[in-house]
Amino acid sequence: MTIDLIALRRELHQIPEVGLQLPRTQERILQALDGLPLEITLGQSVTSVVGVLRGGRPTEGKRPVVLLREDMDALPVEELTGLEYASTNGAMHGCGHDLHMSMLVGAAHDLCARRDELAGDVIFMFQPGEEGADGCRYMLEEGLLDVAGSRPDRVYGIHVWSSLDPCGTFSTKQGTVMASSDEVRVRMVGRGGHGSSPHRAADPVPALAELTTALQTVVTRQYDVVQDPVVITVGLLQAGTMATVIPEEGRLAATIRAFSREARDRAVGMIPLVADSVAAIHGVQAEFELIEQYPVTVNDDEQADLVAGLVGELFGDDRHLRWRHPLPAAEDFSRLLETAPGCFIGLSACPPELDPATAPFNHSAYARFDDSVVPDGARLLTELALRHLA
């Protein structure tokens with residue numbers, strides 16, 4: 001069976017769905033896998049698709065397993081690219097997950113055709129809910145790692161970018177490649193009153209303002225901003241209803257991003273201490289809530305080197321770039337890398353007519369992805385599995 005991966009990508013681009021429940025996307029992936037010799041498992045709490053390919057060559061002892069993962073969900077962004085196949089349903093594949101799914105479908109077809117060469121098994125993991133919904137965690141809780149009978153020995157995933165590097169460039173990095181991400185929420189509870197008499201109230205607004213600036217001061221004074229930085233961004237600051245009323249309470253929400261587990265743990269422990277101290281100075285009370293999100297994404301050094309070498313063999317050395325610094329974005333592929341050695345691989349899909357330095361980046365309503373990179377992404381995933389199992 002021959003499948004047109006570009007046509008599949010463009011079809012998926014027109015039916016984006018957000019979050020953990022992606023019924024139309026799941027249905028289309030199942031259609032694309034139909035007829036392949038795969039053991040299919042569907043998610044119970046999420047609309048995931050997992051296919052297991054049993055290699056045709058016998059093995060002794062533990063059967064080797066390679067897991068290939070790509071994500072399925074879109075963003076709640078109205079697309080403004082003007083493409084002929086642009087989405088019109090109010091959501092958008094603005095992070096390239098339509099390309100990801102198409103690459104993994106292509107790898108599934110390629111590896112099924114070469115099944116007799118495999119002395120081991122392959123797990124094809126189609127995951128919903130990467131965009132902040134932690135879909136990987138749901139799949140792990142439902143037994144993803146045991147679906148093949150043996151736990152994965154290697155894990156790989158590819159992520160496309162709409163800018164950064166020239167089109168078709170694969171990127172790798174040893175060690176930390178993406179940050180952790182957590183959300184903190186602080187509620188300052190005071191005592192409301194008349195704006196003319198703040199001494200008769202306990203105003204939460206100055207406390208929230210001081211906490212906002214204090215958090216920025218702390219990360220520049222207690223963390224190595226070059227070797228092990230922490231980024232705290234206050235994205236929500238809310239209090240009051242009108243200028244003459246001191247509100248009873250106000251709230252703040254921020255993200256914490258770190259590039260090591262140690263820095264992340266320190267930051268999470270530091271914020272409630274700072275919040276309590278600021279609250280005490282202002283005579284209000286601070287209530288702290290942590291919403292844990294994604295761990296640091298850490299590539300295995302040997303696997304990053306293997307990917308770099310394989311890209312050179314398949315496509316030429318000019319198609320690979322070794323990143324010097326990690327991205328401050330976060331990924332729940334990090335959870336898989338905590339279970340087995342592997343590599344999270346970048347692939348630029350920046351349209352050749354655009355400058356990678358200025359092209360709209362992932363998550364922009366104007367982000368465009370050149371789907372000519374899809375066959376090469378599928379080929380790399382295929383060859384990584386063959387490298388371990390053939």
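The model is predicted, so local features need pLDDT of at least 70, side-chain atom pairs count only at pLDDT 80 or more, and totals for chains, interfaces and linings use all residues. Residues are numbered from 1 along each chain as its sequence is written, and side-chain values use heavy atoms, with hydrogens and water left out.

**Exercise 1.** Find which residue forms a salt bridge with D371, and where the two partners lie.

*Solution.* Start with the criterion: a side-chain nitrogen of Lys or Arg within 4 Å of a carboxyl oxygen of Asp or Glu. D371 pairs with R9, with 3.0 Å between the closest N and O atoms. Helices (H or I, at least four residues) and strands (E, at least two) are DSSP runs, numbered from the N terminus.

**Exercise 2.** Decide whether E117 and R114 are buried, partly exposed or exposed.

*Solution.* Buried means under 20% relative accessible area, exposed over 50%, and partly exposed in between (1.4 Å probe, protein chains only). E117 has 33%, so E117 is partly exposed. R114 has 31%, so R114 is partly exposed too. Their side chains meet in a salt bridge at 3.0 Å, N to O.

**Exercise 3.** Describe the chain over residues 183-268.

*Solution.* An unreviewed UniProt entry annotates this stretch as "domain: Peptidase M20 dimerisation"; such annotations may be inferred rather than shown by experiment.
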